[in-house]
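Trainee: Please take a close look at one part of this model for me, the aromatic pairs and what surrounds them. I would like one connected account.

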Amino acid sequence: MTERYIGLISGTSVDGIDAVLVDFSGPALSLDAVFSHPYPDSLQSDLRRAMREPGGVGLDALGDLHVRVGESFRDAVLALLDTAGVAAADIAAIGSHGQTIRHRPDAAHPFTLQIGDAATIAAGTGIDTVADFRSADVALGGEGAPLVPPFHAWLLQDPGESRVVLNIGGIANITVLPADGSAITGFDTGPGNTLLDAWVSRERRLPFDDDGRWAASGSVNDNLVQRCLADPYFAATPPKSTGFEMFNLDWLLPLIPPGIGGADVQASLAEVTARGIADAIGRWAPGTRCVYMCGGGSENGHLCRRLQDLLGDVALRTTNDAGVPPAWVEAAAFAWLARRHRRGEPGNLPAVTGARRPAILGALYPAQPNVNS
């Protein structure tokens, strides 16, 4: 039986889909192919509008987005297979995270919503597809996030060294891997790139601050940093998760003192991200000797330098050292979660999410072969 799986994810930046082909047949995973599939401009614009103004999205518009995202995920798989020269029949399953458009584990009726019609993916690729990974954890009282810590542990846990895996996407999250064998923990520390991207987009019409250069050109405003870090989320006890629903421009703008230049705001937001992460590691993983970074934030040189300053003697590395480039770790995690689903194995860690018990995550959408009626 094939041990090759495809993982798919689109993050809160909504810039496109990361697709990876992973082979789990050896003692360590083999990342056989990767592909980055951008969203069409019109779909990206419609998604961002829906996320920014959820009250204005009608049922027809939501259904339309659900299928269009599914079609883009399908196209990402087909392009990945073509790039790799691999047939659909050689793939055990696809693990599709989908596109998060709302995450409300703290609502009166907790929910998390990822769109991207998995039936469209399965029918269009001829490959069994596992999707909707977060809902089972939420149904068991969990946050539904973060879901990558079990994969981080499988990939990087070492009994000889206490480690943290740090993912900086739109939101930053950490996985704490103690050397003494005690429970693995993990949680969202707060904003990662989301405020940085939102501010540079607003002020300079750029999708992101390349290498953190604009932030590096400004000066940190301690007043703004303290106002941001005073939000109760940073002091809250894990399990906890957050998203763009909370940390966005509507949250930020009232906190900016008058007269601050745009670059100084950007510098201050980088400081908020860095301090949020470093404070979380210092408080919840004080024995850490090494931090392995992944996600888009690992390519922000200014942010990485500031993190190293704050972490002191703790070594700051990337997941390249474990054989998975930082940009592809999350997509690989959903290939791994699809494999867990197919094997009937739990995919969550209750100590991380707060769920009442371990759960097999995701729902299976089988491929639809041609059959004679």
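Mentor: Start with two residues that are both buried, Phe247 and Trp251. This is a predicted model, and every value below is computed from it. Phe247 has a relative accessible area of 0%, so it counts as buried. The rings of Phe247 and Trp251 form an edge-to-face aromatic pair, with 4.9 Å from centre to centre and 80° between the planes.

Phe247 also pairs with Phe234. Here the ring centres are 5.7 Å apart and the planes meet at 55°; an angle over 60 degrees would be edge-to-face and one under 30 stacked, so this pair is tilted. Phe234 belongs to helix H9 (residues 232-235), while Phe247 lies in the loop between H9 and helix H10 (249-252). The two residues are 13 apart, and their pair links distant parts of the chain. Phe234 has 16% relative accessibility; the limit for buried is under 20%, so Phe234 counts as buried.

A charge is also found over a ring: the charged end of Lys240 sits over the ring of Tyr233, 4.5 Å from the ring centre.

The buried residues of H6 are Thr194, Leu195, Leu196, Trp199 and Val200. After H6 comes Arg205, with a positive phi near 55°.

The structure holds eleven aromatic pairs in total. Elsewhere, Tyr5, Phe24, Phe151, Trp154 and Trp336 form one aromatic cluster. Some of these names return in the largest nonpolar core, which has 37 residues: Tyr5, Phe24 and Phe151 are among those that touch the most other members, along with Val22, Leu29, Phe133 and Leu337. Two or more residues of this core come from each of strand E1 (4-10), strand E2 (16-23), helix H5 (149-156), strand E10 (290-294) and helix H13 (329-342). H13 gives the largest share, nine residues. Leu337, leaving aside neighbours within four places in sequence, is in contact with Phe133, Leu147, Gly347 and Leu361. Another core, of 27 residues, lies apart from the largest one and includes Leu43, Val69, Phe73 and Ile121. In soluble globular proteins, nonpolar side chains tend to be buried together.

Technical notes. Residues numbered from 1 in each chain as written. Predicted model: local features only at pLDDT ≥ 70, side-chain atom pairs only at ≥ 80, totals over all residues. Heavy atoms only, no water. Phe/Tyr/Trp six-rings, centres within 6.5 Å; stacked < 30°, edge-to-face > 60°. Helix = DSSP H or I, 4+ residues; strand = E, 2+ residues; numbered from the N terminus. Buried < 20%, exposed > 50% of the residue type's maximum accessible area, 1.4 Å probe, protein only. Lys NZ or Arg CZ within 6 Å of the ring centre and 35° of its normal. Core = buried A, V, L, I, M, F, W, Y, C linked by side-chain atoms within 4.5 Å. Contact = heavy atoms within 4.5 Å.
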